[in-house]
Amino acid sequence: MRPLDEKETTVVLEKLLKFTDNNLQNIVYNPSHEGPDPNPGRYCFRLHKNKVYYVSESLVKRATNVARANLVSLGTCIGKFTHHGNFHLTVQALTILAPNAKHKVWLKPTSEMSFLYGNHVLKGGLGRITDAIAPGKGVVVFSMSDVPLGFGIAAKSAQDCRKLDPNGIVVLHQADIGEYLRKEEEL
Amino acid sequence: MVKKQKQKIILPPDLPPDINEDEIEVSDEDLQFVNENREYAGFVSRLDTKSITKHVTRVADVKEDALEALYEKRLKKKLLQREQEEDSKLQVDHVEALPIKTLDGQLKYRTVTKPSTASESGVTGERETGGDDEDDTAGKSIVKLTKAEKRAKLKKSRKEAKKQGKELDESEAEQTPQAVVLAEVKEDLTAEEAFENKKRKLAELGIALLADPESNIKSLKEFLQLCKDNDHAIVKLGLLSLLAVFKDIIPGYRIRLPTEKEQEMKVSKDVKKMRFYESTLLSSYKAYLQRLTALEKQLSFQQVAIRCICTLLDAVPHFNFRESLLGVVVRNIGSPDDVIRRLCCSTIKSLFKNEGKHGGEATVEAVRLIAHYVKDHNCQWHPDSIEVFLSLSFDEDISRPEKADEKNKGKNKKNKKRKSVEEPSQLQDNRRKRSKQELTEKMREEVNADYKAVAFTPNVAEQRRKQSETLSAVFETYFRILKHALQSIAARPEVDASLSAGGSGSHPLLAPCLKGLGKFSHLIDIDFMGNLIDHLKRLASGGSISENNSGKCLTSLTVSERLQCCIVAFKVMRTNLDALNVDLQQFFVQLYNLILEYRPGRDQGEVLTEALKVMLCDDRQHDMQKAAAFVKRLATFSLCFGSAESMAALVTLKHLLQKNIKCRNLLENDAGGGSVSGSIAKYHPYEKDSNLSGALASVLWELNLLSKHYHPAISLLASNISSMSVANNQVYLSNISPIQAFTDMSLERETFDPPSGINKSNNKRKRGIGSSISASVETSGETSSIDEDELRKKLSAHFMLLRDIKENKKLRSELEHVTSSLQQHKEYKQQKRKTTQRPKSKKKLV
């Protein structure tokens, strides 16, 4: 377990920035209430076995007691580095992305299941969408009752969506909460 | 008679038939008459041949076609003149005076007074030309003709005269010999009498024109002459009476002057008469308009001229020269003068409303002109000028005409294909049928074309085209204004605060522009919409950004304007979203912040309540965080402001709570947090973003305070809301919109004034009954208004007292004065001898 180096930090933060815009500071400067310490610490990013974790500082201190080889996981895993050095977000990042998301898409109840099986979001399944979405931005997908379902990358801007036919892809699938079942062993 | 003579005036002397002198017959009667009145023939010798030839050539120059013929004529004429001169030399001796043969063939004997009586109609100026004319005829009569020949000639000449009627009128107008006469009259009469005379003359002319416009059409010229008077009052009167005349006699169609070809064609008498009438009317109308536009630039005449122009445009928008009228009206639509501006605006509005009068063409022109002027003035014009757009009306389906056409086309194509598929099989059988069909189709087309030409109902496609043109011009203007406002905002932070003190003055057109956008939002093309929303977003946020940056600087846009931006954005979105439900996050954030910036005195409460209604009540669903944030903020807001605002806010709040069941956690007594409030565990009241405020973690303690509100309606509503439980999902019947609530309360503020004691008892009773809000609204009161009333009463009492004291003082001083004078009087009485006058004066004083 080690803190991210500069290069890795920029890669991770850029990824998060896609989803959160200026709300990124809420993630970085989020005070933690874990542990018995009187003054709340911050959350920080830690790299462990190619995976990036979002951990409170108090937890990091305690984790130092465990040998690196024996440490399986700590805090929230938000993604992992590939062999090429790319960073991929995983489903667990949804917990920190959802409250800070700038761009949101709400799905109709009928198309929720389709998304949870790993399909893209089609225009026909769109219940609601925030304006000012540009293609390439990160979008968090919600159900109509505001339950976060996953996230992805916008394929079309909100304006273009109007003219799109119902089968056009609006959001490209990246992760959804169905993965907790489908890819249980990988996570 | 008079008229006929007038017509003759311009006749070029006709070619005399080549007749030898010997063949000329002179009747015995003539000879006798001439012998009797020798002195009358004197004028023959004094004939001004030069002026005659001049006259002839001038007329001849007009017609180029007949130029050659005219040259020939002139040559012959010269010959003739020589003959005449010889004649006169010879004949004057024995033939002294000649009678005039009038058109009916009667002989008229000339007397000395004749020329003046001939011009009885008041066109005294015609005397000279009339004289000429008579000379001409006289000259002609020297060469005596048989009656038949003469008549034929006269007819011919009359035709020519009519053709050149218009030409003539102008030349007549130029001569204005009348002015000379008028000047003479002036010398004789005092100014007042002249004024009266002129007025009378105006009235006479006007009445004559109205009574029989066709025969009196020529007196329009006189009218115009009168309008050039030096006296301002006369000019004004003349303009106004001419306006009345024109309004009455202008026909319901546009006059098209006949082309040269048409002029050459032979037409019946009536048509000629009509043509003459129309051309005269048109030319004088033109002159009138020119005069008006000239006077419009003079300050003293401006109002009258504008009034005339506006009335004309309103009454006869279909008639010729509409463009110039429109030009003047639109130019003055943003004039700083209130009266003029209002006139012009109302005219344009009525122009927009009564499109049937002019078939929509004037609308397009007017809108284009306004757009042009807005561009020229760099968007610094009077807001009224844009507000007129609001009275425009468009067809509902104007936005999608092309789609329908395309569909039709597609169908047609399909049909054709089908036909072409079917045809080969039954080719031979169908050939005959087809030829028949083609024939009938042709016929039908022709009939349709004719019908269209004749029909009064406007062509649908044409109208649609016009409307879309109008619409594009309107939106062009709107977008220009928006862009301008944005640019000025961008430049604003650098500008000194003193410049921005003008407040809304810097964007005078923005408010009506936003209003218009809201009204026509359903007509905006989707392609524009992204741009528009973007602009609105920046406008809505622009003010706050600049405020943050410069601190001291006033917001460049007022809160109302920014709220209006939000409202417009929502309206645009709502009317255009058929398939897609777009969440305008940015605008919610703006509203969230603007609620705090609202100040009851400065900003319009109506706009705020409208924003609340449009954005919060009408929207179908919100996410929980946002709804909770708004609920919390509205509750806070309703604590701070007057009853009207807080009522509106509470109504909205209730609405939100009804829709979002989860938000009712706010009503629970323990501060939430944990899983309910999401990741944000604490309420941040100063957070700018509604989603991050963590309002779910807070408690709506404001409601408890509000239930003790002095206003019974509010306290009732507050307690009503707080009794809403998480479990049951009942729907409340009395659901009034925030706007309605606001207006109810703000109206009440003005009217209500019961004493507080009674008010309280009322409240108790009402609560006991548990009636609806509206019922309690009727009887409830307001301490602020009561305070005011009390204050007023106290003040009035105070002033009454003061006045009483003053009156007392006055009375007392009078009393003293009287008593002193009485004493003096007594003293004087004692000294009776000396004075008798003084006591009297004293008595008077007493």
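Biologist: Which handedness, left or right, has the crossing of α15(B) and α16(B)?

Modeller: The crossing of α15(B) and α16(B) is left-handed; a crossing is so called if the near helix is turned anticlockwise from the far one by less than a right angle, and right-handed if clockwise. This is a predicted model, in which local features need pLDDT of at least 70 and side-chain atom pairs count only at pLDDT 80 or more, while totals for chains, interfaces and linings use all residues. Residues are numbered from 1 along each chain as its sequence is written, chains are lettered from A and ligands numbered from 1 in the order in which they are written. Helices (H or I, at least four residues) and strands (E, at least two) are DSSP runs, numbered from the N terminus.

Two packed helices are described by the angle between their axes and the distance between the axes. Helix α15 (residues 269-296) and helix α16 (residues 302-315) of chain B pack at about 140°, and their axes are 8 Å apart. Axes are lines fitted to C-alpha atoms, for helices over the stretch in contact, and angles run from 0 to 180 degrees between N-to-C directions. α15(B) and α16(B) are therefore oblique to each other, given that angles under 35 degrees count as roughly parallel, over 145 as roughly antiparallel, 65 to 115 as roughly perpendicular and the rest as oblique.

On the α15(B) side, the contact uses B:L292, B:L295 and B:E296; they meet B:Q302, B:A305, B:I306, B:C308 and B:I309 of α16(B). Residues are in contact if their C-beta atoms, placed from the backbone, lie within 7 Å. By class, this contact of α15(B) with α16(B) has six nonpolar, one polar and one charged residues. Ala, Val, Leu, Ile, Met, Phe, Trp, Tyr, Cys and Pro count as nonpolar, Asp, Glu, Lys and Arg as charged, and the others, Gly among them, as polar.

A second pair in chain B may be set beside this one. Helix α18 (residues 338-353) and helix α19 (residues 361-376) of chain B pack at an angle of about 140°, their axes lying 9 Å apart. That angle makes α18(B) oblique to α19(B), and α18(B) passes α19(B) in a left-handed crossing. From α18(B), B:I348, B:L351 and B:F352 make the contact, and from α19(B), B:A362, B:T363 and B:A366.

An open sheet of five strands has the order β1-β2-β3-β4-β5 in chain A, with antiparallel pairing; two strands pair if DSSP finds at least two bridges between them. The edge strands of chain A are β1 (2-3) and β5 (87-89), each pairing on one side only. β1(A) pairs with strand β2 (residues 43-48) of chain A over two bridges in the antiparallel sense, and A:R46 in β2(A) is the bridge partner of A:P3. Helix α1 (residues 6-20) of chain A packs on the sheet, touching β2, β3 (51-56) and β5 of chain A, and its direction makes about 35° with that of β5(A).

In the loop between α1 and α2 (24-28) of chain A lies A:D21. Phi of A:D21 is near 55°, a positive value in a residue other than glycine.

Technical notes: Two residues are in contact if their C-beta atoms, placed from the backbone, lie within 7 Å.
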